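Please open the structure in a viewer and keep the selection panel at hand.

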Amino acid sequence: MRAEPLSDAVPGSADEMARDLRAGRVTSEGLTGRALDRIARLDGQIHAMVHVDAQGAMQAARAADAAFAEGRDAGPLQGIPYAIKDIYDVEGQPTSCQSHLMEGHVAAKDSAVVERLRAAGAVLLGKLDTFEFALGGPSGDLPRPQARNPWNLDHHPGGSSSGSGAAIAAGFVPLAPGSCTTGSIRGPAAWCGTVGLKPTFGRVSRRGVYPLAPSLDHCGPLARSVRDAATALQAIAGHDPSDSGSVDRPVDNYVSGLEAGVDGLTIGIPRGFFGGEPTFSDDMRAALDRAEDLLRAAGAGIVPIELPPYRLFAACARIVMASESFAIHREALRTRFDKFGIIAARRFSIGAGIGAADYIDARRLGARLRQIVTAEFDRCDTILTAISLSTAPRATRSTGPAIWPLQASPWNLTGHPAIAVPLGLGRDGLPLSAQLVGPHWGEATITRAARVLERDSGWAAVPLPYDPEETP
């Protein structure tokens with residue numbers, strides 16, 4: 001019989017699985033088999049997976065078990081099942097980017113993140129749903145159905161790492177790396193009740209990941225718990241000279257100080273940044289107030305700070321993203337326009353109307369906004385702000401781009417690390433979340449603060465959406 005999880009391990013987390021593996025309570029083959037069974041049983045409703053490599057996963061799981069038996073331990077991810085967004089290359093597997101334009105494409109090599117997770121002994125189950133080329137969605141004219149939110153199938157899981165958020169919330173995997181250009185890690189994390197960590201720009205290699213807007217693109221983990229996210233970042237962070245945006249800087253230890261708490265830290269709150277937005281719901285307002293109270297009770301100092309208007313960050317990021325994404329897809333738009341889904345075609349085409357002067361002005365403004373935010377960290381150690389102004393909206397059949405109540409793009413524009421951490425459930429039964437932002441290379445600080453919120457909010461005791469074939 002399986003033992004009860006240790007009290008400080010989040011149920012269903014990679015951390016819990018790692019402890020059970022080393023205690024001999026489970027095997028990687030057993031964990032992987034159960035995950036594959038669950039996917040086979042439930043993914044017809046959720047549509048998180050676009051490709052499952054059951055044979056490869058079981059081979060990797062048996063190899064992990066054999067390594068344990070021989071006394072070889074590559075670290076806390078050895079034997080842990082995960083899945084990855086389908087814009088990451090995996091050798092011998094399709095990279096579809098959820099687009100008809102990529103039909104038949106099979107990757108020749110692993111992406112850098114997959115390479116590092118293989119070295120850490122993690123077990124890849126397959127590829128996860130995304131919006132088309134990480135931008136065009138949700139849309140009904142793509143090769144496969146778009147993922148649904150396991151908390152309520154009538155609501156969005158967020159995007160573009162939609163399958164990553166949904167797969168964790170559905171209990172398929174505890175880890176699911178995503179990508180983030182204007183919020184595609186933290187948005188799905190917030191709406192699916194998972195942790196989403198966007199590292200500092202240049203911290204994780206993007207080699208082998210289909211680009212959207214190279215000056216904004218980040219790679220990072222979605223995870224069941226803050227510790228899982230920190231552990232995953234520890235495995236995938238580091239310099240890669242083949243990625244022009246990668247920074248050659250030593251990697252901090254993100255796990256060792258995770259339980260250090262926030263006593264002595266100063267938390268800045270830009271209340272005007274999110275508090276005056278018309279879509280800021282009463283539930284989210286109460287959740288952010290509670291997060292402030294929890295951090296104060298844990299010993300943090302709270303100071304008010306001011307940031308430039310959110311709309312300035314968002315407009316600047318939109319111009320940069322539209323310009324760079326159009327440059328990437330310009331030839332395909334000219335020669336194979338009919339192969340794009342309607343939302344991707346419209347959104348990519350916007351970039352055709354942006355001139356060089358507009359793009360340069362946006363980059364200059366982005367640099368100035370980055371300086372302003374960086375200066376605020378002279379007054380505080382981390383910033384507490386909203387990630388979503390309300391819970392996940394209902395899914396619709398609209399063919400127009402979705403306008404969602406997210407405040408994620410500023411930190412892609414400035415390159416600061418940011419983490420989304422669940423706080424509880426709203427009155428509609430959907431997850432509520434907060435966002436913590438840190439100084440450049442401050443991942444260890446924001447994960448410490450996020451761990452306090454995860455622990456003291458009681459989120460770890462909130463069960464994931466139950467399996468319809470199990471007793472809730």
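**A pair of helices**

Begin by selecting residues 28–46, helix H2, and residues 54–69, helix H3: the two pack at an angle of about 160°, with their axes 8 Å apart. Because angles over 145 degrees count as roughly antiparallel, H2 is roughly antiparallel to H3. Axes here are lines fitted to C-alpha atoms over the stretch in contact, and angles run from 0 to 180 degrees between N-to-C directions. Helices are DSSP runs (H or I, at least four residues), numbered from the N terminus.

This is a predicted model, in which local features need pLDDT of at least 70 and side-chain atom pairs count only at pLDDT 80 or more, whereas totals for chains, interfaces and linings use all residues. Residues are numbered from 1 along each chain as its sequence is written, and side-chain values use heavy atoms, with hydrogens and water left out.

Next, show the side of H2 with Ser 28, Glu 29, Thr 32, Gly 33 and Leu 36; these meet residues of H3 including Ala 54, Met 58 and Arg 62 (contact means heavy atoms within 4.5 Å). By class, this contact has six nonpolar, three polar and three charged residues.

Select Cys 192 next: the nearest cysteine sulfur, in Cys 180, is 14 Å away. Cys 192 is buried at 0% relative accessibility (buried means under 20% relative accessible area, exposed over 50%, partly exposed in between, with a 1.4 Å probe and protein chains only). Cys 97 is also buried, at 0%.

Methods:
Disulfide = S-S within 2.5 Å. Parallel < 35°, antiparallel > 145°, perpendicular 65-115°, else oblique. Nonpolar A, V, L, I, M, F, W, Y, C, P; charged D, E, K, R; others polar.
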